Amino acid sequence: MKLELVGFKICPFVQRVNIQIQHKAIPCTLSYLNPKELPEWLSVLSPLGKVPLLKVDDGALFAGEDFGLVDCAFAPFFMRLDLLEAAGAEPLTGDDLPRVARYRKAVVAVPAVKASIL
């Protein structure tokens with residue numbers, strides 16, 4: 001999996017993420033954007049134009065044993081979506097976002113995630 005951290009040089013949030021990446025020795029490239037000349041793809045990946053943005057080249061944030069902190073952060077949200085849908089809320093099928101739908105299913109299927117709420 002190839003990671004790329006994208007942001008602005010002046011952004012303290014990008015710096016904080018980069019500090020953690022460097023501290024944990026995670027292989028990652030760092031790309032800085034010119035805030036006056038934003039690329040068109042930024043609005044696709046970050047509709048509000050917010051950074052930091054972590055680009056993952058293989059389309060899945062984790063695979064099996066690589067379950068990490070980002071996945072852990074999304075797990076409660078995905079589990080609550082499941083609970084709401086089970087209670088009758090309109091399901092979010094993910095038809096328009098198939099990668100997100102696959103990711104959601106993969107995260108909630110992790111045994112530790114399942115066991116986190118009894």
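**View 1. Charges and overall extent of the predicted model.** In this predicted model, the 13 positive and 13 negative charges of the protein have mean positions that lie 7 Å apart. Taken along the principal axes, the box filled by the C-alpha atoms is roughly 45 × 30 × 25 Å, and the accessible surface comes to about 8,800 Å², with 62% of that surface belonging to carbon and sulfur atoms.

**View 2. Order of the helices and strands.** The protein has five helices and three strands, which follow the pattern β-α-β-α-β-α-α-α when read along the sequence. Of its 118 residues, 25% count as buried, and among the contacts between residues at least 6 apart in sequence, 67% join residues at least 24 apart.

**View 3. The buried side of helix 1.** Helix 1, formed by residues 12–23, reaches 16 Å from its first C-alpha to its last, close to the 16 Å expected at 1.5 Å a residue. Its buried residues are Val 14, Asn 18 and Ile 21, and because these cover an arc of only 60° around the axis, they lie on the same side of helix 1. An α-helix has 3.6 residues a turn, so residues three or four places apart point the same way. The buried residues of helix 1 pack against strand 1 (3–7) and strand 2 (29–32).

View 4. Helix 1 is followed by Ala 25, a residue with a positive phi near 55°.

Methods. Residues numbered from 1 in each chain as written. Predicted model: local features only at pLDDT ≥ 70, side-chain atom pairs only at ≥ 80, totals over all residues. Heavy atoms only, no water. Helix = DSSP H or I, 4+ residues; strand = E, 2+ residues; numbered from the N terminus. Expected span 1.5 Å × (residues − 1). Buried < 20%, exposed > 50% of the residue type's maximum accessible area, 1.4 Å probe, protein only. Arc of directions from axis to C-beta. Contact = heavy atoms within 4.5 Å. Areas by Shrake-Rupley, 256 points an atom, 1.4 Å probe, with all protein chains shown as cover. Lys, Arg positive; Asp, Glu negative; His and termini not counted. Charge placed at Lys NZ, Arg CZ, Asp CG, Glu CD.
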